[in-house]
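User: I am new to this structure and would like to go through it step by step. Please start with the terms.

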Amino acid sequence: MSEPRETVVELSAQLAAGAITSRALVERSFERLSALDPALHAFLFTRREAALAEAAEADARRARGERRSALDGIPVALKDNIVQAGEPATCASRILTGYVSPFDATVVARLRAAGAVIVGRTNLDEFAMGSSTESSCAGPTRNPWDLARSPGGSSGGSAVAVAAGIVPAAFGSDTGGSIRQPAALCGVVGMKPTYGRVSRYGLVAFASSLDQIGPFAHTAADCALLLEAVAGHDPQDSTSLPEPAPGLSAALSGDVSGLTLGALRETEDAAPGVRARVREAIAELERAGAKVREVSLPHTRFAIATYYLIATAEASSNLARYDGVRYGRRAADGSGGVTELYERTRAEGFGAEVKRRILLGTYVLSAGYYDAYYRKAQQVRTLLRRDFETAFERCDAIVLPATPETAFRIGEKSSDPLALYLEDVFTVSANLAGLPGVSIPCGLDAGLPVGFQILGRPREDASVLRIADAYQRRTDHHRARPPR
Amino acid sequence: MSRISRAEVERIAHLARLRLDAAEVEDALLRLEAVLDYVAQLEAVDTRDVPATAFVIPLATPMREDVPGALLPPELAVANAPSPRGTAFTVPRVLDDEAEG
């Protein structure tokens, strides 16, 4: 089997030149899926016939000289919490078993309008609550770099689908690092856009003030194309930014001279091997002409605590909708009334981690605890935002590790209640402050990928991608592929 | 010092409409205790006069013309319901539960 190493930009050029067809690309995706996914378990659902038919339509358009966009005919995968009309959307939860979406998420409608071919739906931690893709009711996804290890999460399936070359691009969602952390652990690029850059309409809600959809690919240039296709105001999401999506690909000049990068001081939680790779990445950007100075974000040490209070509070409210009445699973009728139906349905339908988070969220919002926990967390969130505002007076972007360590073993962190939460120590701050962030492969440590992260000012998605692209033009780390 | 009691876990579970078995109550006690110990670090942060951030991007409430848009047809809206009747959702009797609060 050929080793697909092509990027979206390269495949798009090959399609335009008539060197390859969309149908052949989609067939290759399914060949690789058949060969690799039994071991990886990146996908929950696939739509082979529909995807092949859509690819044939893209090829027919091209034959007529029509082309909807650079994504026309490109296979992509979606995390199973982004709904597509006529397709299942389970969020890897038993409670949504059998659910078929009656509508398209705005991201899906825009991808389809751009001609992208959606091949399937990828595995995740149940309702995106996790950092390892282990809490999926369908079982874990495995890291293609080492099958005994986790791909990270919660968008582990999407990261693996790209890392293993099944699709050149995928979408996930990032509430506390759920795109950037698995991207780092799988050796691909993953981007969380500015909060509000991408419509959340049709993204199953976890924590609404933090959730954001974003792309996975091999390069920042691909992420720019993917983000351009889906970004921009959407009347269906009143929290989407009012301005039209900015031109992102056009901003990729390859030039970082004149930019000042803030290297985060508080990186003591990162393993030595991770810190070493990140230092090398920063040095490379310095050689490319960027100025580097150290910056401090003193309140980031409170970010995990702040995040878990806010995210679980919002989750407990958002997940109240799963009641066995309007959609999803319903417990068998008992003798009791509607409260019993709710309680039994939710007891049967939710997994352990989701229940824990609903309980914590309900607790921190309950009478007597609201001020001490939820309001306090929102105040610390303000201090964290101010840290970033101060830092961005001294630099244009902040560079830091994406994760504290490389991929961990499946099961390794399941017994300690806090170990998995601490995985997100470098990623949650961007969600709390609404910033754009991207994780870029910057080499290996003991054979496993390391990601470094670039955070930008709110709305400056383009400058984050520009720095990432400049780095990738000078390095080959994004060309490294897993052994299988 | 124990931050949360078994009775409190059971009360919260009821508020969240989650029926927990005995093992889940024990798990919840252990986990909530650990998380609440961890988040107690926030007590050390001076937040006097610090406003709360609920949303990061300041946006005005968006307004639109009051005209009907395209809505989900009722048949489609109930298509995922576990026990629909016509174009209605069904629930067990509710009045006794209302009294319970």
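Analyst: Helices (H or I, at least four residues) and strands (E, at least two) are DSSP runs, numbered from the N terminus. Two strands pair if DSSP finds at least two bridges between them. This is a predicted model, where local features need pLDDT of at least 70, side-chain atom pairs count only at pLDDT 80 or more, and totals for chains, interfaces and linings use all residues. Residues are numbered from 1 along each chain as its sequence is written, and chains are lettered from A and ligands numbered from 1 in the order in which they are written.

User: Which residue in the turn of the hairpin of E10(A) and E11(A) has a positive phi?

Analyst: Strand E10 (residues 437-445) of chain A pairs with E11(A) in the antiparallel sense, over 7 bridges. The hairpin they form leaves 2 residues between them. The one with a positive phi, about 50°, is A:Ala446.

User: What is the bridge partner of A:Pro401 in E11(A)?

Analyst: Strand E9 (residues 397-401) of chain A also runs antiparallel to E11(A), joined by 5 bridges. In E11(A), A:Pro401 has as its bridge partner A:Phe452.

User: How many residues does H12(A) give to the side of chain A that touches chain B?

Analyst: Counting residues in contact (C-beta atoms, placed from the backbone, within 7 Å), chain A supplies 58 residues and chain B 46 residues. Elements giving two or more residues on chain A's side include helix H9 (303-318) and helix H12 (370-394). H12(A) gives the most, with 11 residues.

Note on methods
Two residues are in contact if their C-beta atoms, placed from the backbone, lie within 7 Å.
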